[in-house]
Amino acid sequence: MTEMTRSTQGCAPPAGTRFGAENIKNPHSPLSAPPGAGGRTARGLTVGARCAFKRPPRSARWEMQSLRGAPPAAGARPDYISQQAPRQPHRGRGGYGGAAMAAEWSVLLLTCQRGGCVAAFQRELEARRRRGGLGPRPPPLLLAVEDPWARLGSGGATLNALLVAAEHLSARAGCTVVTADVLRDARILILHMGRDFSFDDCGRAFTCLPVEEPDAPAEALVCNLDSLLGTMTHRLCMGSPPGVWVCSTDMLLTMPSSPGINWDGFQGVRVIAVPGSQAYARDHGVYLTDEQGLVHDIIYKGTEAQIQQCAGPDSTVPLVCGVVFFSSDAAEQLLATHVIPPLDACTYMGLDSGAPPIQLSLFFDIVLCMAEGMMKEDFVKGGSDASVRSARSVLWTALHAFPLSMACIPDASYDYMTTSASDYIRSLTLLPGSASHLHFCKTAHSHVDQPHLLEDGSSVTNCLLEGAVQLAAGSVIQHCHLQGPLEIGPGCLLSGLAAGSSAALQGCPLHDIVLQGHHVRLRDLPCQVYTLTGRLDNWQSPAEEATYLNVPWAEFFHRTGIREGDLWDAEMPQRSRCLLSARLFPVLHACEGQRKVRRVLLGRQDSSLLPLARSAVHEGYHEAVLGTLDQVASTAGDAGIAARALACIAEVLGCMAQGEGGLRSGPAANREWASAFRRLESGDIAGGVRELAAERQKWMSRPALLVRAARHYEGAEQILVRQAVMSSCQFVTVGPAELPPLGHWVQVVCPARLDLSGGWSDTPPITYEHGGAVVDVAVLVDGCRPIGARVRRISEPELRLVSLSGTPQSEAVAELVCQELQDLQDYCQPHAPGALLKAAFICTQVVQFPSQKPLQAQLIESFGGGFEVHTWSKLPHGSGLGTSSILAGAVMASLYRAAGKFASTESLIHAVLHLEQRLTTGGGWQDQVGGLVPGIKIGRSKAQLPLRVEVEKIPVPSGFIQTLNDHLLLVYTGKTRLARNLLQDVVRNWYARLPSAVQNADALVSNAEECAQALRQGNLPLIGKCLDCYWQQKKCMAPGCEPLAVGRMMDALRPYVYGQCLAGAGGGGFLYVLTKIPRQKEALHQILAKTEGLGNFSIHSIEVDTGGFSVEGVGHDTKDGARSGGFMTV
């Protein structure tokens, strides 16, 4: 805990305590950074006095006008940026050109590293819209987006922002799940705030420029953000096709009015470069391209020879300037990766799912994979750690086929805003290049009593200078009210100083210094903090090599008597002791509807409470309803009633967000809710509900937080649902079997499954509150069983978990070794490495967890060693063919057998149901029924607990299996299912008891029984009718599960099939069709090949697997890799 943190908690420091540059930041400030964060300096403290000054008549009295926002509500986190004067870009002389020439954005997003500033940034964007700063046709969506992790990187921030954009566009299109179709015609601009900035508390994007535009429609300060918006909207992006532009805000960028980019026939991704000197390139990135402008490599801080290799005929090199364009196709492929670990960790969904952090670069982890000169092996190996290498492999597969071209814009200029005070002062006192649409001036939005005292080459912005204030060339004053006489020499930067500071500065020799005032709030106490540094100081260099106030640290210590131990803790390494971490600057410390809720919930009525929730929000009595729901949940004494009450709380929170804040479905594993979740897991419902209510109060300030809080209430509800479902474990019976020899593999291979009707009725709580029935078929895909696992005992007392790429003989994709019980503790986090396998060891009771006995002791005592598990699947991610549940069944079957145990198929079905509850993925029982029970069958569950699944094999006429094989085909749509939270939508609608959901649940079960009867008759047309009916029921249950491309595909196939349906939840993956004519694989391929807009589809044969899964002993591996021992059926 930093000293600053202690001070804000009411613990006064000793007299004379000094605080580091990073610690002067208010920990409650939206722009505060963690100590020692790279590139973060002693700012992050918004200047509350920043105002736009207007010149009055000479006789008028000059007053500073503070345009502050309304104070925050009691207990709310303050947004300091809102206390500045709103600032916006303008079109004046030399402006951006006619509105008809502007790019028209569908969405404009501004990303930021900390959530506390999201609301303030959103207001800044809205202010620009209101004042015409975004053109006559501004984007319909303006979004400030918080990065899920503080150090997410530009690549991760881009992927997260793209997901948020797709969510909002999907919502505007009337979808309840994310669909990539909305990207097809969208024009999206993503601006990255990036890291904090040493010389402006609001960051590089909101750094004010010395610019005035007298002809602008509204006078206000011009920020770098405004300049970049003008450049992107009115210059650089004109004429570009639909797609996604990504732009950093950490540079000053100028472009000619006509950049001359040719977009004819463009495909893939394009990077924008500006010409620069080879000397400048030594500290920056450059592109290496061929004669056609295709990028071969990106070189960062390269050698002289490497940079020379990139030079053009004029000896300039194409500098990386932080601007990239993704075509719609490329953006769709990039978006699809967000559901694939570890890239899911880049999004806020990853944060709410408990995924481990990952840091990705836009250029070196995403863009670079498309470079012509890159080889996959070299690219993947270049990742900084295993998670990044895994992410790079996914990105390569998704994006490498897209061409990466470069457009280098003549007469453009780029100036990265470094942490050097000298560079910052130079950028504000030198006029930008002739290509700029802005005109820098000596004084901007300022009043100066004696302007003749300002030398050429100086800069004054947003200031009031009274009396004799002399300013030398090469110095900058911003956001100050100063009273002379003052003499400010060269090399100075003064910012955020009020009139009261003038007396302290009079008579002081000011040269080469940076003096900044920072407005902070310590709890409810506003105060101002000042920082003083030298122009030549390097904030991050070790003290032994650096200066403070332009003199060596040793000299500073000698002059002041301050000791090194006063500034840095003794435990801090010498190389970490720098200006950024030095504790230098002292800081002053400092609530007929309620009755209906009870009646419906306690009476277990099928009435919907959603209209009541909406009314409560609209009429302002939502707090009373929330209190009533809390009371019902905590006192009902029934987990089912409590679960529905929590779901109703989620509905109220969702209504409070009023359609903003993103989609309702999403992850729910944020650490802030963990304590309440643990109470619910332990069975303490009343205590858990109390803690949920307390945490809820922290998430009520804005729509995005309300939506995420609603997701966590749904997560809490799912805990109670899981506990109900886990009652099915009493139907798991395990008996003894012969223990296989050490080193001998036990292998299980399984078919995939097709759900022909009834899916979703197997989903808890529907399956035990309403009852379910699903018709499933076990199938071979292209002649083989695509899912498998094998287990063997090993001499080492450890668990080796290996994921293979597609077959038992293929190479490992991921390997994990568990030697201690703590290595298994993340088994309940679905996205944790090896989570399913860890849960399998625990659920089969091969490993006792938790336990006082160490893992190695358990393994040695019970088995004389450990276990090695290999798993594989030939099916793509999100196939809809039940892969994960079937794989869980394969793992448990092989693990039971390898441990000298035996479980029947019925036991495995319930064991998988139990495992998936422990794993917290939820889900129903149809997948394992489909893959573990051979042939064609119908599974049923009654509306009761404990939950028991009963399976009936469906007898069919002789020869009908072959007929079905000849008429069934599997079409891979080429679409990855993005909507991995469809389950939450379905459960939400069920708990809301929407009439459509209740009626559809009835229809699903009814259609399943009709389909079973059609199969018994061998009636293909009637089976096809059931398939079509089933697809309509799926779309009713989970709207948005049919992407546009899939709809086109189904339309094209409809004349040739009896029926068709997307497998599983839909949204992508595999489409299965029942053709009118047998053996139509080639004919359908030709039909689809002629259909526009389908992408990369493929057609596969499928056969009914009448044998079912197999458990086999396959001997053991010898040293040379060959297998010895017999191939023995167990």
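This is a predicted model: local features need pLDDT of at least 70, side-chain atom pairs count only at pLDDT 80 or more; totals for chains, interfaces and linings use all residues.
Trainee: Now α31 and α32. Are they roughly parallel or roughly antiparallel?

Mentor: Helix α31 spans residues 995–1017 and helix α32 spans residues 1020–1037; their axes are 9 Å apart and the packing angle is about 160 degrees. Angles over 145 degrees count as roughly antiparallel. That makes this pair, α31 and α32, roughly antiparallel.

Trainee: What is the handedness of that crossing, and how many nonpolar residues does the contact have?

Mentor: α31 and α32 make a left-handed crossing. Among the residues that meet there are Leu1004 and Cys1011 from α31, and Ile1023 and Tyr1030 from α32. By class, the contact of α31 with α32 has 1 charged residue, 5 polar and 14 nonpolar.

Trainee: There's another pair, α18 and α21. How far apart are their axes, and is the crossing left-handed or right-handed?

Mentor: Helix α18 (residues 622–635) packs against helix α21 (residues 685–696) at about 160 degrees, with the axes 8 Å apart. The two are therefore roughly antiparallel to each other. As for handedness, the crossing of α18 and α21 is right-handed.

Trainee: Which residues of α18 meet α21, and how many charged residues are in that contact?

Mentor: From α18 you have Leu626, Asp630, Ala633 and Ser634, which meet Ile685, Ala686, Val689, Ala693 and Arg696 in α21. Sorted by class, the contact has 6 nonpolar residues, 1 polar and, to finish, 2 charged.

Trainee: Is Gln917 buried or exposed, and which residues does it touch?

Mentor: Gln917 sits in helix α27 (residues 905–918). Its relative accessible area is 2%, so it counts as buried. Leaving out residues up to four places away in sequence, Gln917 touches Arg722, Val725, Met726, Gly922 and Gly923.

Trainee: What about Ser1110: how far is it from Leu932 in space?

Mentor: Ser1110 belongs to strand β40 (residues 1110–1113), and at 15% relative accessible area it is buried. Beyond its neighbours within four places in sequence, it contacts Gln747, Val748, Val749 and Arg785. Ser1110 and Leu932 are 178 residues apart in sequence, and C-alpha to C-alpha they are 9.2 Å apart.

Trainee: Where are there cis peptide bonds?

Mentor: Most peptide bonds are trans. Another, with omega about 0 degrees, joins Pro764 and Pro765.

Trainee: Last one: what is phi near in Gln845?

Mentor: Gln845 lies in the loop between α24 (835–843) and α25 (855–863), and at 52% relative accessibility it counts as exposed. Most residues other than glycine have a negative phi. In Gln845, though, phi is positive, near 60 degrees.

Note on methods. Residues are numbered from 1 along each chain as its sequence is written. Side-chain values use heavy atoms; hydrogens and water are left out. Axes are lines fitted to C-alpha atoms, for helices over the stretch in contact, and angles run from 0 to 180 degrees between N-to-C directions. Helices (H or I, at least four residues) and strands (E, at least two) are DSSP runs, numbered from the N terminus. Angles under 35 degrees count as roughly parallel, over 145 as roughly antiparallel, 65 to 115 as roughly perpendicular and the rest as oblique. A crossing is left-handed if the near helix is turned anticlockwise from the far one by less than a right angle, and right-handed if clockwise. Contact means heavy atoms within 4.5 Å. Ala, Val, Leu, Ile, Met, Phe, Trp, Tyr, Cys and Pro count as nonpolar, Asp, Glu, Lys and Arg as charged, and the others, Gly among them, as polar. Buried means under 20% relative accessible area, exposed over 50%, partly exposed in between (1.4 Å probe, protein chains only).
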